[in-house]
Amino acid sequence: MTSQSYLSDLFSLDGRVAVVTGGSSGIGRAVARALARAGASVVVVARGKEQLADTVGELTAAGGRAGWVAADLSTRHGVRAAAEEAAGVFGEPDILVNSAGINLRPPMGELGEDVWDATMAVNLEAPFLLGQRFGPGMAERGFGRIIHITSQQAHRAFVQSGAYGVSKGALESLARSQAEAWSRYGVTANTLVPGFVMTQLNQRLSSDPEKVAALAERTLTGRNGLAEDFEGAAVFLASRASAYVTGQSFFVDGGFSVH
Ligand SMILES: NC(=O)c1ccc[n+]([C@@H]2O[C@H](COP(=O)([O-])OP(=O)(O)OC[C@H]3O[C@@H](n4cnc5c(N)ncnc54)[C@H](OP(=O)(O)O)[C@@H]3O)[C@@H](O)[C@H]2O)c1
């Protein structure tokens, strides 16, 4: 067996279908790119059509198979419609990546119900509903991979975690509950835990060079994260290779969490 065929046997996503929410930007886009390059047919889901089309253009230009669904995941109706539309592109997914997320940052003392509701809807309820829609089918077919993107704030209070940290903490619990429900049927559920990654999400923080440098200092690698840092871990968690890894939180954070 050549090294190529060994690696392919472990990690290839040929023939798999993936749905990546938030796949048009930042970490989700890098994950979508990685899954497509590893062989999966990828459907990216977000609101902005221009960025969705741009992402699909990039993936297909690189030889991948990709499509997009424009949807607002902040309402139950929007999530349900998105799920049906996404499943209609290449068929029912084998891989679900929940990367769509928002971080509205009022500190706890100023946190209103509107921010709480909006945060829980996108960061927690959408992943739950998508899991309910796709998880049982994955279990029936005997293979599935659910990957959530959580946060340091799922594990510690940090830079005004507010509602965001609560939603991400619950998302880690959701992954464990999904793992408990479906792992014996070949469906794993895990989370990727970033450190600080310069994306649209934290534009305000990213534009403060002192804060950016201080955050880089808190890592062991001496730099902040790049969206591309998630590619390898995402392919691993989506592939056959991770069959015995479930209910886990994977820190892709340059050592931020252990410093
Ligand atoms: N960047 C970091 O340092 C960091 C750290 C820890 C965790 N994370 C997590 O990583 C994930 C990705 O974040 P990122 O940094 O890559 O952010 P990003 O570049 O802002 O991407 C967020 C994605 O979510 C989509 N989205 C947001 N609200 C949506 C909605 N209501 N309906 C559908 N799609 C929606 C956005 O597209 P549209 O706006 O077009 O809808 C975009 O594709 C998030 O869950 C975030 O919490 C990021």
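**Ligand site and salt bridges**

The ligand sits in the largest pocket. A pocket here is an open set of points on a 1 Å grid over the protein atoms alone, where a 1.4 Å probe fits, with protein on both sides within 12 Å along at least five of seven lines. A molecule sits in a pocket if more than half of its atoms lie within 2 Å of the pocket's grid points. The model is predicted: local features need pLDDT of at least 70, side-chain atom pairs count only at pLDDT 80 or more, and totals for chains, interfaces and linings use all residues. Residues are numbered from 1 along each chain as its sequence is written, and side-chain values use heavy atoms, with hydrogens and water left out.

The ligand is surrounded by 30 residues, each with a heavy atom within 4 Å of it. The closest are Ser25, Arg47, Tyr164, Val197 and Thr199. This shell comprises 13 nonpolar, 14 polar and three charged residues.

A polar backbone atom of Ile27 lies 2.8 Å from a ligand oxygen. For Lys168, a polar side-chain atom is 2.8 Å from an oxygen atom of the ligand. An N or O atom in the side chain of Asn202 is 3.0 Å from a ligand oxygen. The protein covers 92% of the 890 Å² of accessible area that the ligand has on its own, by the Shrake-Rupley method with a 1.4 Å probe.

The structure contains 11 salt bridges, each a side-chain nitrogen of Lys or Arg within 4 Å of a carboxyl oxygen of Asp or Glu. Arg29 pairs with Glu58 in this way, with the closest N and O atoms 2.9 Å apart.

Methods: A polar contact is a pair of N or O atoms within 3.5 Å; within protein, one must be able to donate a hydrogen and the other to accept it, and residues adjacent in sequence count only if both atoms are side-chain atoms. On a 1 Å grid over the protein atoms alone, a cavity is a set of points where a 1.4 Å probe fits but cannot get out, and a pocket is an open set with protein on both sides within 12 Å along at least five of seven lines; lining residues have an atom within 4 Å of a point. Ala, Val, Leu, Ile, Met, Phe, Trp, Tyr, Cys and Pro count as nonpolar, Asp, Glu, Lys and Arg as charged, and the others, Gly among them, as polar.
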